[in-house]
Amino acid sequence: MKRVIAIIRQEKFEDVKSALVDIGCEGMTVNEVKGRGKQLGLKESYRGSNYCIDLIPKTRVELVIKEENLEKVIETIENSARTGEIGDGKIFVSPVEDVVRIRTGESGRDAI
């Protein structure tokens with residue numbers, strides 16, 4: 001099992017969610033987050049004053065999936081979240097040792 005965490009632009013969330021549901025990934029956890037990468041924030045000017053927004057609002061989508069679905073999930077997120085501009089986000093993948101469904105007590109792949 002794998003955990004996939006995607007940090008994406010807020011405006012691309014609905015596209016990503018729809019694309020994931022289309023390939024059968026319905027379970028996900030979503031948070032609104034703030035952060036920055038190489039972009040180092042946004043520099044803007046308002047009424048002659050310069051200021052920097054160094055933490056940019058993003059959406060974090062987290063999924064736990066079967067390992068055989070990993071490439072399809074990553075491809076789906078990439079294709080639906082990409083604008084081609086800096087700040088499109090990142091996808092992180094890590095192993096999951098176990099999952100337990102609280103309601104039934106099922107564990108492992110059956111609990112996903």
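1. A nonpolar core is here a set of buried Ala, Val, Leu, Ile, Met, Phe, Trp, Tyr and Cys residues joined through side-chain atoms within 4.5 Å. In this predicted model, the largest such core has 15 residues, and those with the most contacts inside it are Val 4, Ile 8, Leu 20, Leu 63, Ile 65, Val 73 and Ile 77. Two or more residues each come from β1 (2–8), α1 (13–22), β5 (56–65) and α2 (70–81), with α2 giving the most, five residues.

2. In α1, the buried residues are Phe 13, Val 16, Ala 19 and Leu 20. Seen down the helix axis, these residues fall within an arc of 135°, so they line one face of α1. Among the elements that cover them are β1, β2 (29–35), β5 and α2.

3. Leu 20 deserves a separate look: leaving aside neighbours within four places in sequence, Leu 20 is in contact with Cys 25, Met 28, Val 61, Leu 63, Val 73, Thr 76 and Ile 77. Just after α1, Gly 24 takes a positive phi of about 100°.

4. The buried residues of α2 are Leu 70, Val 73, Ile 74, Thr 76, Ile 77, Ser 80 and Ala 81. They cover an arc of only 160° around the axis, which puts them on the same side of α2, whereas Glu 71 and Asn 79, on the other side, are exposed. The cover over the buried residues of α2 includes β1, α1, β5 and β6 (89–95).

5. As a check on the geometry of α2, its twelve residues should span 16 Å at 1.5 Å a residue, and this agrees with its end C-alpha atoms being 16 Å apart.

Key: Residues numbered from 1 in each chain as written. Predicted model: local features only at pLDDT ≥ 70, side-chain atom pairs only at ≥ 80, totals over all residues. Heavy atoms only, no water. Buried < 20%, exposed > 50% of the residue type's maximum accessible area, 1.4 Å probe, protein only. Helix = DSSP H or I, 4+ residues; strand = E, 2+ residues; numbered from the N terminus. Contact = heavy atoms within 4.5 Å. Arc of directions from axis to C-beta. Expected span 1.5 Å × (residues − 1).
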